[in-house]
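Hello,

Here is the structure I said I would pass on. My notes follow below it.

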Amino acid sequence: MANTAKTQEFFIGDLDIRVSNDLTKAGKLGPADTIGLLQDAKVTMTTNQAKLQAGFPQKTYATAVTSREMTIEGNLNEYSISNLALIYGDNEALSTAETDVAASTTCSVAYDASTPSTDLTVTDASGLAADDTVYIYDSNNPADVMVMEIASINTNTVTFTLNIPRSVDVGWKIDKVVSVKLGSSDNIPPLTIQVVGVMPLDNSPFVYDIWKGTISGTAEVASSADKFGALAFNVEPLQPTAIDISSGKFGSDAVTKALIKKFPMGRMSKKLTA
């Protein structure tokens, strides 16, 4: 009978995307590397062909594959500093976001901007250090924020590189932040990527492993009064070069090197149907 299902291999659900700027983790990514809540995720493979056409009306006599292009995309719902650094292609900020420790304190002595100063006394400066960037703001009105760079710290007196531009009341928050470079002409650092889906009927995974890729497309942060925002996430897989492999970018693991040579751009895997 026509249009009869041959298997139970039907997919509905979401995809988990995992990334790392550490290429030695290629093929080894796990749940800890997820970029978080994601909507409308998809993996697309486009085959481009050259056609030999002749006659009138034209008929196609031959085709040749000229390229196969792959994209991984979705809408990220989590505006974490790691995801923002990832979207904007700032490898340094991404590494900092993954390894640095959050720090927060409060103003303990009111500051009057009519007498300009670079100094602010805080409750506990132990989590802060010179060269840190911080927010100074009223937690009851967080849009009233100042972004300041720390020059030095003496016990609980924080000295900034510039005079504090507005008055600060006791209890205002001072939070350590990570700064992401915008508009850089630097090459976007490569990533290694894994996409995982789960077949709902037998609860089995299917996996895309992409050894190397780069952020592409448009980075957009948009506001809305009636729905949560999302960050457009677009990755274009890249073909690893022989130098990538021989120079150790993917580590010294012989098994991983052999795997990349066997599946040059990546692999898609899925269990056999019973």
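Gln 39 stands opposite Asn 75, which lies in strand 3. Please keep in mind that this is a predicted model.

The pair belongs to a longer stretch of pairing. Strand 2 covers residues 38-54 and strand 3 covers residues 59-76; the two run antiparallel and are joined by 15 bridges. Together strand 2 and strand 3 make a hairpin, with four residues between them. In that turn, Gly 55 has a positive phi of about 90°.

Strand 3 has another partner. Five bridges link strand 3 to strand 12, residues 231-237, again in antiparallel fashion. Here Gly 74 stands opposite Phe 233 of strand 12.

As for the whole protein, there are four helices and 13 strands. Its radius of gyration is 25 Å, whereas the globule rule gives 19 Å for 274 residues, so the protein is more spread out than a compact globule. The C-alpha trace spans about 85 × 50 × 50 Å along the principal axes.

Of the 274 residues, 30% count as buried. The accessible surface comes to about 16,400 Å², and carbon and sulfur atoms account for 53% of that surface. Among contacts with a separation of 6 or more, 63% are between residues 24 or more positions apart.

Regards

Definitions and conventions: Residues are numbered from 1 along each chain as its sequence is written. This is a predicted model: local features need pLDDT of at least 70, side-chain atom pairs count only at pLDDT 80 or more; totals for chains, interfaces and linings use all residues. Side-chain values use heavy atoms; hydrogens and water are left out. The radius of gyration is taken over C-alpha atoms; the globule rule is 2.2 Å times the number of residues to the power 0.38. Buried means under 20% relative accessible area, exposed over 50%, partly exposed in between (1.4 Å probe, protein chains only). Contact means heavy atoms within 4.5 Å. Accessible areas come from the Shrake-Rupley method with a 1.4 Å probe; for residues, only the protein chains shown count as cover. Two strands pair if DSSP finds at least two bridges between them.
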